[in-house]
Amino acid sequence: MKRTTLSLIAVATALAAVTGFASLTAPEGPAAPQAKATTRLPVERAGLLCPAPSTSEVAETLYTSYTPPGTGTGTGAGTGAPSEGKAEQPTAQLRPAASTTISGGTSQGGKKPKAPKIPATVTAPGKPVTAEADGPAVPALVGAATGTLAPGWTVQQSTVVPAGGASGLLGLSCGAPDTDFWFPAASTAKERQDYVHLTNPDDSAAVADIELFGPEGPLKSQFTEGIPVPARSTVPVLLSTLTGEAAQQTVTVHVTTRSGRIGAAIAAADDKLGSDWISAAADPASRAVLPGIPADATSVRLVAFAPGHDDADLKVQLVSATGTIVPAGAGALHVKSGMTASVDLPDLTRGEGGSLLLTPSDPKKPTPVVAALRVVRGKGADTEIAFVPAAAAISGRATVADNRAKASTLSLTAPEAAAQVKVTASAGSGAGTPVSRTVTVKAGTTTTLTDLVPEGLKGSYAITVEPVSGGKVYAARTLALPLDGTPMFTIQTLVDDRGTVEVPTAHQDLGVLD
């Protein structure tokens, strides 16, 4: 008898191309032989979530959607292989979540969510598309990109609130759904109104838990376990309502899900300093890099938390344009297990932008931590804040959208070894020709770029960073839009876009069995 068999590896490859991941459960019995070769395939679907941008009547929000060129398969079919017949048209579009509710379950404003004026729909890689949405009724958005528009799809949400207690420039790179998020540098203080936005993109409900950790340990809290997040909806939760213990410094917020997956981000508003989004920090690790501190920062506060059973003793260093130095009077930080530690870093930059590097004081005692910075620009009544979470290194490619001429600064940090990266400024949303540059970052330094702008630019553009050679590189973008004397700004760390996935090389077993 003759029999032709298709290997399970081929099935896994097809699954990975559709979903971005694949797993196989081996049957009982002898272990299957290890695959000797792998390949990288572009993902064929990517999902993003953008929280409701503001409750201010005067808020002005711009969405910028972009897919970088060069990774797509050339087919919209879900497998990445040539399709029989007509290929499905690739799409990349955001749509309003079904509802936006406050933690008590009340509809925000009691009105039907209002969609952006122009759908932020990408039709081809390489060109940003923008959409405007003003006022307090703009809902959370969920969306997906498929086919050639999926690899590297990025959406930036930028909101200007020109007046009021929550005035400022609030910027956020819309995130992918997940099940675990860490947010150092949040607060339940009287002068702060911090909302954690929980957004569910799926057709089934999710259930989330929120933990708060202050300088003395876990805060006694209520209504933080089993928070329901209905299907395709968002739930903003005011942190100060979760505990009776007002932490006048900072708290660390840990969001997890019991079921389902969500997107999470914190909208932080300070009565005196301004407002911005806090993005999730990189996963707990014994080393942390916080890139993109502006040269003119007037105040920098470091917040760290050790989630494990051991205390962490950290060495604090500034990676500047000329080298790595220890800040005067703030070269070390002790973080007790389960407690949030913070330290102000006065005169940190001294007119020179840089990045913060945290490493174990004793290399033989590495302890995982999460960390973030609260950064202030300006003085007196004309101040603004932004937050810099610890970032992961860029392994393949990372993109940040909504850059503007003379307003964007890209920071590249190579804390360990010299590295080369390719930086590309895309075409403009209105017009412009893309430009690229290979940048060398010396070991232990931070390099800033302000002059890489598309030729003939009209509108906004995207910046893409791709490692070429050398050591690990971390990156952040500062967008500065001063208004009436206030140095409004926001900082986004660049997160690897995971536009490709590594899978075992597909093969067929065509052996003949008699």
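**Confidence**

Across the protein chain the mean pLDDT is 86, and 83% of the residues reach 70 or more. Where pLDDT is low, the predicted coordinates should not be read in detail.

**Arg261**

Arg261 sits in the loop that links strand S17 (251-259) to strand S18 (263-270). Leaving aside residues up to four places away in sequence, Arg261 touches Pro177, Asp178, Thr179, Asn200, Pro201, Asp202 and Ala206. One of these, Pro177, is 84 residues from Arg261 along the chain, yet the C-alpha atoms of the two are separated by 5.8 Å. Another of them, Asp202, is joined to Arg261 by a polar contact between the two side chains, at 2.9 Å.

**Ser65**

Ser65 belongs to strand S4, which covers residues 60-66. Its relative accessibility is 0%, and Ser65 therefore counts as buried, the limit being under 20%. The side chain of Ser65 makes a polar contact with the side chain of Trp153, at 2.8 Å.

| Residue | Partner | Distance |
|---|---|---|
| Arg261 | Asp202 | 2.9 Å |
| Ser65 | Trp153 | 2.8 Å |

**The sheet S3-S8-S5**

Three strands, in the order S3-S8-S5, make up an open sheet whose pairing is antiparallel. Strand S3 (45-50) and strand S5 (92-96) are the edge strands, each of them pairing on one side only. On average, and with direction ignored, neighbouring strands of this sheet are turned by 20° against each other. Strands of a sheet pair through backbone hydrogen bonds, either parallel or antiparallel. Between S3 and strand S8 (residues 141-146), which run antiparallel, there are six bridges, and Leu48 stands opposite Gly143 in S8.

Definitions and conventions:
Residues are numbered from 1 along each chain as its sequence is written. This is a predicted model: local features need pLDDT of at least 70, side-chain atom pairs count only at pLDDT 80 or more; totals for chains, interfaces and linings use all residues. Side-chain values use heavy atoms; hydrogens and water are left out. Helices (H or I, at least four residues) and strands (E, at least two) are DSSP runs, numbered from the N terminus. Contact means heavy atoms within 4.5 Å. A polar contact is a pair of N or O atoms within 3.5 Å; within protein, one must be able to donate a hydrogen and the other to accept it, and residues adjacent in sequence count only if both atoms are side-chain atoms. Buried means under 20% relative accessible area, exposed over 50%, partly exposed in between (1.4 Å probe, protein chains only). Two strands pair if DSSP finds at least two bridges between them. Axes are lines fitted to C-alpha atoms, for helices over the stretch in contact, and angles run from 0 to 180 degrees between N-to-C directions. pLDDT is the predictor's confidence in each residue, from 0 to 100.
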